[in-house]
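Hi everyone, thanks for coming. Today I'd like to walk you through one model, slowly and in plain words. Please have a look at it first.

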Amino acid sequence: MNILKMMAVAILVLKMGVPLFGKSETGNRQISLQECLVETLKNNRALRIGHLDYDISRMVRRAADSLYIPEIEVTMENTEIRNPTASLLEGADIAESGSWLYQMRIRQHIPLGGQLTFLFNQAREKTNSSFTNLNPKFDAFFQLSLEQPLLRGFGNSVFKRDLRMAGEAQKGQYQELKNRMALVVLDLEMAYWDLVHTRMAMTVRREGLQLARDLVRMNLVKLKAGTIAELEILSARSDVANRESDVIAAESAIAAAEENLRMIMTGSAVKAAGEKNLIPIDTIDRYLDFTPPSMEEAIRLARLNNPE
């Protein structure tokens with residue numbers, strides 16, 4: 001399973017039904033949880049490393065499975081030689097010779113731990129020497145050999161051990177990749193809802209600040225009417241100052257939550273030049289309609305998905 005399929009599975013698990021890309025406003029970027037998930041799965045370095053480790057384990061398993069696949073090796077050579085002669089015994093003023101070779105070798109491992117080899121060799125040689133009786137000369141033969149260890153390495157127990165180890169390693173890497181993805185998705189959801197919570201808290205604190213300012217204005221009217229003492233004005237203004245401090249703290253919490261979400265999505269908490277603020281568009285209300293599974297179904301799912 002490649003990373004794109006894993007992305008699709010993770011998205012289906014979240015059961016999202018919103019558009020993939022959020023709307024953009026000046027200075028802000030409206031983003032959904034689904035969009036955060038897709039961007040995180042494409043950019044997360046730990047998941048890319050885990051996917052590469054799983055691919056390596058899968059190739060090792062494939063190499064272990066291929067032990068009993070025959071190996072075929074084919075060799076073809078063509079050689080031409082032309083040299084001036086230095087002796088009358090070479091039979092020509094300019095010695096010319098050529099050779100052509102075709103060789104095929106097939107190796108096959110057998111269940112007893114040995115190796116069966118079949119070799120076919122065909123050659124052709126020609127020369128312009130007058131002392132050669134057979135020109136061109138053809139040579140062909142085949143050879144069948146068997147190498148079988150009698151003590152150490154006898155049988156297929158070594159092959160089965162390597163195959164079993166490769167299979168368990170592949171399963172382990174796959175499970176580790178699933179665990180990494182689960183942790184990344186969990187961290188992403190926590191960071192996203194933390195940003196939603198801090199923005200909701202900002203809305204509440206701004207409303208509280210507005211109510212405190214309205215109270216100051218109302219108390220000023222009452223003070224002019226003589227119905228309250230001046231101490232009530234000072235108390236209301238002190239409440240406004242406290243609520244302004246709460247708004248500043250909420251703004252800092254929003255910035256920290258946004259940096260945390262951006263770190264999970266892109267691997268960097270620093271906002272690039274021209275990058276917009278992240279505005280979550282999903283609310284927690286859409287996820288409250290959840291029917292918990294029965295105890296038997298929960299146990300079955302836990303045994304199926306929990307590696308521990």
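This is a predicted model: local features need pLDDT of at least 70, side-chain atom pairs count only at pLDDT 80 or more; totals for chains, interfaces and linings use all residues.

Residues are numbered from 1 along each chain as its sequence is written, and side-chain values use heavy atoms, with hydrogens and water left out.

Now the overall picture. The protein chain has six helices and seven strands. Of its 308 residues, 25% are buried, where buried means under 20% relative accessible area, exposed over 50%, and partly exposed in between, with a 1.4 Å probe and protein chains only.

Back to isoleucine 56: is this residue buried or partly exposed? Isoleucine 56 is partly exposed, because its relative accessible area is 46%.

Let's go inside. The largest nonpolar core has 31 residues; such a core is a set of buried Ala, Val, Leu, Ile, Met, Phe, Trp, Tyr and Cys residues joined through side-chain atoms within 4.5 Å. Helices α2, α3, α4 and α5 each supply at least two of its residues, and α4 gives the largest share, 14 residues. Cys36 is among the residues with the most contacts inside this core. Leaving aside residues up to four places away in sequence, Cys36 touches Ile31, Leu188, Tyr192, Leu261 and Met265, a contact being heavy atoms within 4.5 Å.

My last stop is a pair of residues. Threonine 198 lies in helix α4, and isoleucine 254 lies in helix α5. How far apart are their C-alpha atoms? The two residues are 56 apart along the chain, yet the C-alpha atoms of isoleucine 254 and threonine 198 are separated by 5.5 Å. Threonine 198 counts as buried because its relative accessible area is 9%, and isoleucine 254 is buried too, at 9% relative accessibility. Beyond residues up to four places away in sequence, threonine 198 touches Ala253, Ile254 and Ala257, while isoleucine 254 touches Leu195, Thr198, Arg199 and Met202. Finally, a polar atom of the threonine 198 side chain lies 2.8 Å from the backbone oxygen of leucine 195.

Technical notes
Helices (H or I, at least four residues) and strands (E, at least two) are DSSP runs, numbered from the N terminus. A polar contact is a pair of N or O atoms within 3.5 Å; within protein, one must be able to donate a hydrogen and the other to accept it, and residues adjacent in sequence count only if both atoms are side-chain atoms.
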